[in-house]
Number of protein chains: 2
Amino acid sequence: MPNPTAAMLVIGDEILSGRTRDANMHHLAGKLTECGIDLKEVRVVSDDAPAIETAVKDLSSAYDHVFTSGGIGPTHDDITADCIARAFDDHIDIRDDARDLLATHYAKQGHDFNEARQRMARIPDRATLIDNPVSIAPGFTLENVHVMAGVPSVFKAMVDSVLAGLTGGAPLQSVSVRIERGEGDIAGPLGKLANAHADLSFGSYPFIQNGVFGANIVIRGTNADQLDAAAQTLAQLFPEDT
Amino acid sequence: MPNPTAAMLVIGDEILSGRTRDANMHHLAGKLTECGIDLKEVRVVSDDAPAIETAVKDLSSAYDHVFTSGGIGPTHDDITADCIARAFDDHIDIRDDARDLLATHYAKQGHDFNEARQRMARIPDRATLIDNPVSIAPGFTLENVHVMAGVPSVFKAMVDSVLAGLTGGAPLQSVSVRIERGEGDIAGPLGKLANAHADLSFGSYPFIQNGVFGANIVIRGTNADQLDAAAQTLAQLFPEDT
């Protein structure tokens, strides 16, 4: 059987103006190759509704999977979710499951769950959510299109979430541990922990927030008890930073 | 009057497999923004004739300019030139002007101008050549499509050649000086020379060849005598490396 085919759609004026260098294409290309999915085409379009809708429809009908990055944040020019809904004639509004995830997250962080942030809970009716262990606001899959964030650390985490489902096997669960230490300090103990838990996968998604270096360590596996145990062990390794 | 619009077409399996990270999109995006040309779309396709031809036709009819990178080298999978000719119903073969440029270059370098290298002189009948001061093998412009190499240093030099013509003004000429020294050693003297010749432009295209660090310095201007004088001065600044 030939490999499944895929296309990527990168959405964002900042890439086309040269202000930002796209990092997600190279990452996705490598990941798909590892999984035996053939990336056949990439398109980059601006934050322009007709351009996004046309590209999504073209790519969705030509390839088995379409992966998008960008345009699902809280600002007025984040129009990707609405464009995808229109491309597939689906209704879109703030959806309860996504809103609950975000409300819980912002309450825990002590941030206001304001109107802009609620935009990130706009999900088409027929879509399934894509887990975002890094910053919670979910992506979604509608038909064969996987809609993900443009921020590289979030994009990477979402790609891992999607590919875990596409490549078959038992459904994966995840826990996330936030560690406020440079990745260089985390790498050694994390490597030992990963060696000791061969049936779990460990992903590190670094961040710099308000001048603080850190990483969200996402542990994935099929057994919730194992995950919790590994997360607790990890947190105990960095008692002052978690 | 609105800005002219442009699209870019990146051709190469090595980008889509994740083996190589594309560097040309970010470079072209920045240069077009500087020139007031709006880059509206980028596509990346594999070394596959129907994919290349379809993309070229689509983009050529939708935008004022199309810039391609990749697939014009000496190997069997370098099929871009033939695809562009087919897309525009033009005849293509080894063309005398391109063959003469390459024959002279390889004779000077003491390399055999073999059949593989002669492939790089395949140019559509109606095309105009794009100057390649770095490695001589020319790109070409056919209708509104500018066909350039994928190697980043050559791509950059060709973009400069094309944009000099698009933005109007007197036609530019160029001379190239090859200096076998690290760019860090070249930068200081080159900066002073550029300051002393305000009506010439100086581009530096670094290379590593057989373990030797160096750069091709391309000087562009409208006056051939000025160019020759500046090139001689530059060569005298690095007597042992040119």
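Me: How does helix H7 of chain B lie relative to E10 and E11 of chain B?

Reply: In this predicted model, helix H7 (residues 152-166) of chain B lies across E10 and E11 of chain B. Angles run from 0 to 180 degrees between N-to-C directions. H7 of chain B runs at about 160 degrees to E10(B).

Me: Which strands does helix H8 of chain B lie across?

Reply: Helix H8 (residues 183-196) of chain B lies across E9, E10 and E11 of chain B, at about 165 degrees to E10(B).

Me: In what order do the strands of that open sheet stand in chain B?

Reply: The order is E9-E11-E10, with antiparallel pairing of the 3 strands. Strand E9 (173-179) and strand E10 (201-209) of chain B each have a single partner strand, so one side of each has no neighbour in the sheet. Ignoring direction, neighbouring strands are turned by 20 degrees against each other on average.

Me: How many bridges join E10(B) and E11 of chain B?

Reply: Strands count as paired if DSSP finds at least two bridges between them. E10(B) and strand E11 (residues 212-221) of chain B have 9, in the antiparallel sense. Pro206(B), for example, has Ala215(B) in E11(B) as its bridge partner.

Me: Which strands pair between chain A and chain B?

Reply: Strand E2 (residues 38-45) of chain A pairs with E2(B), antiparallel, over 5 bridges. There, Glu41(B) is the bridge partner of Val45(A).

Me: How many residues of chain B are in contact with chain A?

Reply: On chain B, 17 residues are in contact with 17 residues of chain A. E2(B) gives the most to that side of chain B, with 7 residues. By type, the side of chain B that touches chain A has 7 nonpolar, 6 polar and 4 charged residues.

Technical notes:
Residues are numbered from 1 along each chain as its sequence is written. Chains are lettered from A and ligands numbered from 1 in the order in which they are written. This is a predicted model: local features need pLDDT of at least 70, side-chain atom pairs count only at pLDDT 80 or more; totals for chains, interfaces and linings use all residues. Two residues are in contact if their C-beta atoms, placed from the backbone, lie within 7 Å. Helices (H or I, at least four residues) and strands (E, at least two) are DSSP runs, numbered from the N terminus. Ala, Val, Leu, Ile, Met, Phe, Trp, Tyr, Cys and Pro count as nonpolar, Asp, Glu, Lys and Arg as charged, and the others, Gly among them, as polar.
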